Amino acid sequence: MNQSKILNFISGNVSSLNGVGYKTKKLLKKKKIEKISDLLWNIPQGFTDRSNLVTLDKLVIGKITTIKIKAVKYNFPRIRNLPNKVVCKDDFGKIDIVFFNSREGYIRKVLPINSTVIISGKIGYFKKNYQITNPDYIVPASQQGYVDKIIPKYSLTEGLTEKTYRKIIDQVLNKIIALPEWHNKEILEKIGNVPWSKSISEIHKNNDNNINTKFYRRLAYDEILANLLILSRVRQKIRKHKKIKKEFDTTLHKKIIKNINFDLTNDQHNVLNEINNDLKSEFKMFRLLQGDVGSGKTIVSLISAGNVIKSNWQVALMAPTEILAKQHYDLALKIFDKTNIKIEFLSGNSDAKHKNLVQKNLLNGKINLLIGTHALFQKKILFKNLGLVIIDEQHKFGVKQRIELSNKGGKNCDILLMSATPIPRTLVLTIYGDMDVSRLIEKPKNRKNIITLSKPEDKIDEVLLYIKKQISKGCQVFWVCPLIDESKKLDYSSAVLKYNYLIKNFSKKIGLIHGALDKNKRDIVLKKFMEKKINILVSTTVIEVGVDFPNANLIIIENSNKFGLSQLHQLRGRVGRGADQATCILLYKKNLSENAKKRIKILKSTNDGFFIAEEDMKLRGFGDMLGYQQSGIKDFNLADPIVHEDLFKIAESNVKDIELDENNFNKYKFILKLFDKAEILTETT
Ligand code: ADP
Ligand code: MG
């Protein structure tokens with residue numbers, strides 16, 4: 001096979017392999033393995049040593065062992081649920097091979113009486129006999145070499161055996177031959193000087209597949225490069241589009257700033273300048289506005305919206321939840337009061353009559369600004385001339401979705417994404433390399449740092465007293481319960497318990513929200529909280545998303561050691577949005593781990609979200625970072641931005657060189673395909 005044949009093979013479906021029928025295909029799919037390349041990236045998690053071939057007098061219970069024996073007697077009970085059994089021997093002892101769910105015919109075939117076979121499996125002991133139940137391998141003596149060795153251990157699913165999987169992956173590895181190198185000498189030297197094909201087979205077959213070996217690093221580098229290349233390509237493609245420049249003067253902009261009751265921070269002014277320059281340029285804006293919780297992104301986005309409307313274009317602003325969208329809508333009404341800007345609200349809950357009206361008035365241009373939830377992106381919702389799309393709290397978007405969004409708005413539509421997930425500087429390019437990035441780092445002036453305290457749970461009485469005092473002063477309280485388990489039931493029960501407990505200790509003015517509550521009910525409770533009809537809001541982590549309750553000044557986070565650092569910071573950011581001093585109390589169970597102690601210490605010492613994100617990354621590793629794991633946009637199978645930071649740096653400058661020469665770029669198409677990125681290129685229009 002040459003390179004292009006190999007490529008076709010690798011990007012083909014697993015069903016082209018021998019032994020992958022309907023059933024196995026389904027099992028593989030469960031492990032997210034559909035293409036042959038997915039098999040390559042499903043790397044062994046470790047290795048099983050089956051090389052210790054021993055005689056039957058040397059068995060150790062519980063140990064994975066390989067033996068060479070002869071079947072001497074069958075025992076096939078005709079009673080349901082009793083296993084079939086074969087008594088086997090060597091010159092030194094006796095063992096039972098036990099089969100659940102295997103037919104007699106099969107057993108007679110693989111274990112004929114009196115012929116020597118190799119069996120491998122875990123040694124058990126039952127009624128004074130050694131036994132192996134459902135052995136991993138039974139092969140004729142002639143195939144001893146296939147079993148009697150160190151064998152890679154893959155993460156598999158029930159029904160998919162190591163034996164079957166090995167046959168599949170071996171076929172793939174055997175087809176992969178040495179390929180012409182795509183990296184130049186200089187890069188190759190830097191990343192360990194090993195060829196791709198050698199690295200792939202080493203990773204799968206050698207019993208050292210540590211993340212730092214040169215073979216692993218070689219593969220990781222290709223993955224990093226593929227990612228950065230794609231982002232760079234997408235960026236270029238989007239930049240190539242010429243759009244009609246937006247033309248506006250600063251009168252509205254100035255008027256809004258004059259009418260709000262605070263001064264914009266320098267960062268807010270700077271970001272507005274950056275956005276305005278983009279809007280006025282002939283290139284499509286594709287910008288990410290990053291700002292810690294409470295940094296004041298909304299006002300920036302609304303002023304930009306005003307400018308776009310001033311230049312006779314429409315604007316859509318989308319938020320992830322109805323309540324947040326409503327909040328933006330109310331703010332927009334206030335800000336654009338006494339202008340002739342027409343604003344409408346749309347969500348999945350809007351009634352049909354309202355929806356129809358909105359549809360009509362969008363098309364004839366009577367609506368200038370549409371604010372709402374995901375409902376904004378229904379096919380039926382068409383604009384007369386959409387000039388800007390703003391998406392709030394978008395950390396769930398991957399590259400592909402960003403492209404879709406950009407395509408959807410049309411060629412004159414600028415895009416502004418806003419995210420409160422602080423991403424360490426070193427990673428911005430890796431995740432958002434397709435976008436321009438603005439950052440709001442400075443906090444609004446009146447903003448006091450949130451005071452963070454920690455208390456062991458057995459001092460909860462002190463906390464209750466403190467809460468009572470705060471409530472009597474008119475302050476509102478969040479009480480966050482931990483997510484004990486992914487399952488909604490458990491999540492729900494811990495919050496309900498706390499709710500009942502607090503009702504007993506306080507008045508009835510307590511609300512409860514959790515993941516199992518449907519959206520409408522949740523919004524009703526949140527509304528009550530906003531209208532101050534509720535003093536304490538008990539919740540699971542559903543309040544994480546950017547709702548603004550300026551009157552809430554105290555947050556209690558229970559079992560805080562269960563949360564990651566960034567997540568705690570996000571939760572804490574629910575308070576301290578007004579001018580009053582806010583407090584966060586971290587409750588913890590005794591016997592904190594060293595890591596948990598560190599987390600609490602960091603939170604107490606700083607309110608800087610970017611700093612916290614960096615620390616979080618160091619403590620937990622990249623894969624666990626907030627927003628990343630939940631997002632389902634895991635861009636890396638192999639590379640780890642912390643461990644392989646040096647490789648990311650090399651790749652960054654490598655991409656710049658590659659992009660200088662279009663012919664050169666073709667060489668790298670192989671890795672784009674390998675890492676399943678090539679499609680993204682065709683989607684960019
Ligand atoms: P986020 O960046 O988390 O979305 P918001 O836009 O919701 O933050 O702003 C948080 C709060 O801070 C809001 O009540 C907003 O009115 C207020 N705010 C925004 N900018 C400033 C500023 N420069 N000075 C004072 N308050 C501000
Ligand atoms: Mg916000």
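Predicted model: local features only at pLDDT ≥ 70, side-chain atom pairs only at ≥ 80, totals over all residues.
Residues are numbered from 1 along each chain as written, and ligands are numbered from 1 in the order of writing. Local features require pLDDT of at least 70, side-chain atom pairs count only at pLDDT 80 or more, and totals for linings use all residues.

The chain has an average pLDDT (the predictor's confidence in each residue, from 0 to 100) of 87, and 94% of the residues score at least 70. In residues 625-633 the pLDDT falls below 50; this stretch has 26 contacts (heavy atoms within 4.5 Å) in the model beyond near neighbours in sequence.

Ligand 1 is surrounded by 17 residues (a heavy atom within 4 Å), the closest being Asp263, Gln268, Gly294, Lys297 and Thr298. By class, this shell comprises four nonpolar, seven polar and six charged residues; Ala, Val, Leu, Ile, Met, Phe, Trp, Tyr, Cys and Pro count as nonpolar, Asp, Glu, Lys and Arg as charged, and the others, Gly among them, as polar. A nitrogen atom of ligand 1 lies 2.9 Å from a side-chain N or O atom of glutamine 268. A backbone N or O atom of glycine 296 is 3.1 Å from an oxygen atom of ligand 1. The protein buries 88% of the 570 Å² that ligand 1 exposes when taken alone (Shrake-Rupley method, 1.4 Å probe).

Aromatic pairs (ring centres within 6.5 Å; planes under 30 degrees apart stacked, over 60 edge-to-face, the rest tilted) number 12. The rings of tyrosine 74 and phenylalanine 76 are stacked, because their centres are 5.1 Å apart and their planes at 20 degrees.

Notes:
Heavy atoms only, no water. Polar contact = N/O pair within 3.5 Å; in protein donor to acceptor, adjacent residues only side chain to side chain. Phe/Tyr/Trp six-rings, centres within 6.5 Å; stacked < 30°, edge-to-face > 60°.
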